[in-house]
Amino acid sequence: MKPYVPNERDITHVILDYLRVIGAAAWKNHGHLGEKPGRLDIDACYRGRFVAIEVKGPRGKISEAQRIQLELIHQ
């Protein structure tokens with residue numbers, strides 16, 4: 001029997017559930033046609049702070065557009 005390896009969707013749901021339990025306003029961003037590439041998976045606000053999270057599975061790799069988006073948020 002193979003060990004369970006969570007996928008990105010499962011990880012995202014766990015993160016969203018946790019954020020909501022601690023009182024954060026959190027939502028999953030669903031990409032759509034015409035949207036700028038690089039949008040991160042989860043946006044949240046917790047205690048007046050903006051949080052953006054990019055979720056990756058065990059073998060996931062961040063795209064260049066996502067790296068740029070993260071850099072802009074940090075600035």
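User: Which residues does I42 touch?
Analyst: Leaving out residues up to four places away in sequence, I42 touches T12, I15, L16, L19, W27, N29, V51, A52, I53 and V55. Contact here means heavy atoms within 4.5 Å. This is a predicted model, in which local features need pLDDT of at least 70, side-chain atom pairs count only at pLDDT 80 or more, and totals for chains, interfaces and linings use all residues. Residues are numbered from 1 along each chain as its sequence is written, and side-chain values use heavy atoms, without hydrogens and water.

User: Which residues make up the largest nonpolar core?
Analyst: It has seven residues: L16, L19, A24, A26, I42, A44 and V55. Such a core is a set of buried Ala, Val, Leu, Ile, Met, Phe, Trp, Tyr and Cys residues joined through side-chain atoms within 4.5 Å. Buried means under 20% relative accessible area, exposed over 50%, and partly exposed in between (1.4 Å probe, protein chains only). At least two residues of this core come from each of α1 and β2. Helices (H or I, at least four residues) and strands (E, at least two) are DSSP runs, numbered from the N terminus.

User: Which residues of α1 are buried?
Analyst: T12, L16 and L19 are the buried residues of α1. They lie on the same side of α1 because they cover an arc of only 65 degrees around the axis, taken from the directions from the helix axis to the C-beta atoms. V14, Y18 and V21 are exposed on the other side of α1.

User: And what do the buried ones pack against?
Analyst: The buried residues of α1 pack against β1 (25-28), β2 (42-46) and β3 (49-53).

User: What follows α1?
Analyst: G23 follows α1, and its phi is positive, near 95 degrees.
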